[in-house]
Amino acid sequence: MKNMTEKLTAAERDQRRRLAWFRDARFGMFVHWGLYSLLGRHEWVREHERWPRSEYAKLASEWHPQKGSARKWAKLAAESGCRYMVMTTKHHEGFCLWDSALTDFCATKTGPGRDLVAEYVDACREYGLKVGLYYSLLDWHHPDGLRSLKHEAARRCFVDYTHGLIRELLTNYGKIDILWYDIPYPLDAEEWESEKMNRMVMKLQPDIIYNNRNRTEGDFGTPEQQIKPETGGRMWEACMTTQTLSWGYTPIDGWRTPRECMDMLRSVASGYGNLLLNIGPKPDGSIPAKARNIFRQLGGWLEKYGASIYDVTGPKPFRNNIVGYYTVSGNIVYMHVYRWPGSILIATMIANKVKAVKFMKGRAITFTQTPDQIVMTGLPEKAPEPLTTVIEIHTEGKPRYRPGFHDLPKHMAPETLYA
């Protein structure tokens with residue numbers, strides 16, 4: 001990302017404007033919900049188990065989700081500190097959760113009998129959450145979905161259908177904040193007419209942001225199941241599961257712990273990215289208890305320590321160390337101590353003189369400072385907070401990063417770092 005002093009193009013200024021809320025958001029809820037939820041064996045169950053198209057399509061008449069489910073998701077998201085949501089409006093199975101004029105394979109014309117996207121959008125707005133719509137370009141149901149790779153007539157039909165579905169989503173529900181593309185197989189950007197697609201998106205929704213999964217750069221990167229910041233200050237969002245086996249609902253065990261999910265949130269904040277943490281509702285729309293518990297615990301922690309996660313900035317991310325992560329806001333370095341070391345804790349990489357050290361929302365901490373270290377003493381043997389203890393390091397002036405060995409230019413000798 002260019003410095004504020006550099007001249008920006010009109011497109012860069014517009015992108016910065018559209019991304020402003022997203023850069024501060026930090027935490028969102030991903031919702032994977034579709035016909036695959038009925039089977040409970042992964043959202044790719046049709047492909048994994050080689051279901052015939054006609055047999056899988058019968059699931060649509062068997063799905064009867066409860067009304068009010070989306071309100072419960074949005075309520076949990078808001079109470080958990082999420083600032084936005086993204087829901088799968090059409091996954092790879094091809095089933096549309098909205099009232100589409102382009103296909104009968106949709107929620108209003110089959111079992112659900114109502115517009116599930118409309119319910120979701122209304123719920124997000126009720127709870128003050130930004131609205132994100134996921135759309136998979138891959139489509140196993142459409143007869144031309146895979147044929148389009150080798151047959152031009154099929155490609156033309158399928159691309160027109162795809163653009164038409166996206167147009168419906170961005171026309172029928174008022175202001176939409178995020179379009180979350182996924183899986184551009186089997187076509188390339190030219191075959192998808194991706195640039196034309198994006199121009200249509202921006203014309204319909206001038207304030208929207210969209211990701212990089214239609215084979216274009218998009219407004220932000222989307223590392224999946226890994227915390228991997230983009231280079232050059234580009235905005236990024238890590239999408240992660242609460243249930244390690246799948247994104248969609250499955251009753252099989254394999255859940256991450258709240259502590260592991262807290263680690264994800266700290267990690268993305270330290271790299272100035274966002275965490276999009278997933279739930280896979282049951283077929284009736286209810287949230288599995290373990291997923292609900294994860295979000296509630298994160299929400300309780302954020303209610304107390306959220307200032308160390310939201311709206312944090314800095315000249316560059318501070319390199320994390322083995323015991324924890326750093327975030328920066330104003331003249332405070334927040335040290336998120338994940339692995340509590342006991343009575344002594346050492347922080348490094350801060351070049352400024354330190355004025356004070358204290359537990360966030362707690363007492364002052366005794367410390368001494370050398371050119372390379374901030375040594376904190378008199379700490380409890382056990383971590384005060386089970387998910388993460390946050391320590392505030394107050395500096396004179398805006399915190400400056402002090403390079404370590406990993407940042408050393410090749411021409412410098414290591415002994416120039418440490419006296």
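These notebook entries record what I looked up in the predicted model.

**Entry 1. Conventions and confidence**

I number residues from 1 along each chain as its sequence is written, and side-chain values use heavy atoms, with hydrogens and water left out.

I looked up the confidence first. The protein averages a pLDDT (the predictor's confidence in each residue, from 0 to 100) of 94, and 94% of the residues score at least 70. Over residues 412-419 the value is below 50, and this stretch has 14 contacts in the model beyond near neighbours in sequence; a contact means heavy atoms within 4.5 Å.

**Entry 2. The parallel sheet**

I took helices (H or I, at least four residues) and strands (E, at least two) as DSSP runs, numbered from the N terminus. Two strands count as paired if DSSP finds at least two bridges between them.

In which order do the strands of the open sheet lie? I read seven strands, β5-β4-β3-β2-β1-β7-β6, with parallel pairing. The edge strands are β5 (209-210) and β6 (237-241), each of which pairs on one side only. Ile-178 has Ile-209 in β5 as its bridge partner.

I moved on to the loop between β4 (178-182) and α9 (189-192), which holds Tyr-185. Ile-183 and Pro-186 lie in this loop too. I noted two backbone features here. Phi of Ile-183 is near 35°, a positive value in a residue other than glycine. The peptide bond from Tyr-185 to Pro-186 is cis, with omega near 15°. I marked both for the record, because most residues other than glycine have a negative phi, and most peptide bonds are trans.

For exposure I used relative accessible area: buried is under 20%, exposed over 50%, and partly exposed in between (1.4 Å probe, protein chains only). Ile-183 is partly exposed at 24%, and Tyr-185 is partly exposed at 46%.

Tyr-185 also contributes to a nonpolar surface patch of about 290 Å², made together with Leu-146 and Leu-149. Patches are built from residues with over 30% relative accessible area and no salt bridge; like charges are joined within 9 Å, and nonpolar side chains (Val, Leu, Ile, Met, Phe, Trp, Tyr) within 5 Å. The areas come from the Shrake-Rupley method with a 1.4 Å probe, and for residues only the protein chains shown count as cover.

Is Arg-26 buried or exposed? I found Arg-26 buried, with a relative accessible area of 1%. Arg-26 lies in the loop between α1 (10-25) and β1 (27-31), and its phi is near 70°, again a positive value in a residue other than glycine.

**Entry 3. Salt bridges**

I counted a salt bridge where a side-chain nitrogen of Lys or Arg is within 4 Å of a carboxyl oxygen of Asp or Glu. How many salt bridges does the structure hold? The total is 27.

Arg-83 and Asp-311 meet at 3.5 Å, N to O. Arg-83 lies in the loop between α6 (69-79) and β2 (84-90) and Asp-311 in the loop between α12 (289-305) and β8 (324-329), so the pair ties together parts that are 228 residues apart in sequence. Both are partly exposed, Arg-83 at 30% and Asp-311 at 39%.

Glu-392 and Lys-358 form another bridge, at 3.8 Å, N to O. This pair links distant parts of the chain, with Glu-392 in β14 (389-395) and Lys-358 in β11 (354-359), 34 residues apart. Glu-392 is buried at 10%, whereas Lys-358 is partly exposed at 25%.

Glu-193 and Lys-196 also form a salt bridge, their closest N and O atoms being 3.8 Å apart. Glu-193 is buried at 17%, and Lys-196 is partly exposed at 45%. I traced both into a network of salt bridges that also links Glu-152, Arg-155, Arg-156 and Asp-160.

**Entry 4. The β12-β13 hairpin**

Lastly I looked up β12 (366-369) and β13 (374-377), which pair in the antiparallel sense over four bridges. The two strands form a hairpin with four residues between them. Thr-366 stands opposite Thr-377 in β13.

Methods: This is a predicted model: local features need pLDDT of at least 70, side-chain atom pairs count only at pLDDT 80 or more; totals for chains, interfaces and linings use all residues.
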